[in-house]
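Subject: Structure handover

Hello,

Here is the structure for your files. My notes on it come after the display.

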Amino acid sequence: MDETEFWELIDASREAAEGDPEEQADLLVERLLRMDPELVLDFARHFEARYNRAYRWDLWGAAWVLLDGASDDAFDFFRCWLIGQGREVFEGALHDPDALAGLLGDFDEEVDGDGEELGYAADEAYEQLTGTVAPDLGIAPAPAEPEGRPVDFENERALAERYPQLWDRFRE
């Protein structure tokens with residue numbers, strides 16, 4: 001599976017789920033179940049590599065503003081959700097996290113921002129296909145700490161200055 005095929009699966013499942021992350025995860029599992037287990041592992045590698053790339057302080061700050069706070073787990077689930085939004089939103093957020101203000105359409109804090117189930121889709125499909133737990137993917141683990149300069153989540157003024165577009169759209 002190449003990168004284009006990975007993003008096509010993400011996009012098709014998001015569109016079919018009409019943006020609901022839990023439904024998207026279910027549809028993604030259904031689509032992965034139609035594939036060879038090795039392709040499911042390829043999908044998992046693509047997903048994990050992007051998940052690790054998004055382990056950055058600046059994205060965590062953006063998630064904090066969007067979600068009005070983001071614990072370690074909430075940020076993990078946010079990164080899964082961000083991948084689920086597709087290539088344009090994901091890459092745009094990595095380029096400039098504040099640009100999420102313009103990249104995102106409607107944002108419902110109760111539904112959006114949490115893609116926990118998306119993070120398990122490949123594992124679930126692989127286990128259903130093979131009856132075994134997915135093997136190690138053979139990719140480098142995420143760094144111990146997020147990349148970049150730490151963000152002071154408790155300083156609202158600093159957050160408003162660092163993420164002016166997100167702050168204007170989602171916090172005021």
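Predicted model: local features only at pLDDT ≥ 70, side-chain atom pairs only at ≥ 80, totals over all residues.

Residues are numbered from 1 along each chain as its sequence is written, and side-chain values use heavy atoms, with hydrogens and water left out.

The largest nonpolar core holds 54 residues. Such a core is a set of buried Ala, Val, Leu, Ile, Met, Phe, Trp, Tyr and Cys residues joined through side-chain atoms within 4.5 Å. Here buried means under 20% relative accessible area, exposed means over 50%, and partly exposed is in between, with a 1.4 Å probe and protein chains only. The residues with the most contacts inside the core are L32, F43, L66, F78, L82, L100 and L166. L100 is in contact (heavy atoms within 4.5 Å) with A62, L66, F78, L82, V89, A93, L166 and R169, leaving aside neighbours within four places in sequence.

Helices (H or I, at least four residues) and strands (E, at least two) are DSSP runs, numbered from the N terminus. Helix 4 is largely enclosed by the rest of the structure, because 11 of its 11 residues are buried. The cover over these residues includes helix 5 (72–84), helix 6 (87–95), helix 7 (100–103), helix 9 (156–162) and helix 10 (164–170).

Just after helix 4, D68 has a positive phi of about 55°; D68 sits in the loop between helix 4 and helix 5. E18 also has a positive phi, near 50°, and lies in the loop between helix 1 (3–16) and helix 2. E18 is exposed, at 75% relative accessible area. For context, most residues other than glycine have a negative phi.

Two further residues

Q24, in helix 2 (residues 21–32), is buried at 1% relative accessibility. Its side chain reaches the backbone oxygen of I10 at 3.3 Å. A polar contact is a pair of N or O atoms within 3.5 Å; within protein, one must be able to donate a hydrogen and the other to accept it, and residues adjacent in sequence count only if both atoms are side-chain atoms. Beyond four places in sequence, Q24 is in contact with I10, S13, R14, A17, G84 and L118.

E161 belongs to helix 9 and is exposed, with a relative accessible area of 56%.

Pockets

Pockets come from a 1 Å grid over the protein atoms alone: a pocket is an open set of points where a 1.4 Å probe fits, with protein on both sides within 12 Å along at least five of seven lines, and lining residues have an atom within 4 Å of a point. Grid points are joined across faces, edges and corners, and a volume is the space filled by probe spheres set on the points.

The largest pocket has a volume of about 280 Å³. Of its 16 lining residues, F47, E48, C80, G119 and Y120 lie nearest the centre. Helix 3 supplies the largest share of this lining, five residues.

The second largest pocket has about 230 Å³ of space. It is also lined by 16 residues, and E110, V111, D112, G113 and D114 are the closest to its centre. Helix 2 and helix 5 each supply at least two residues of that lining.

Regards
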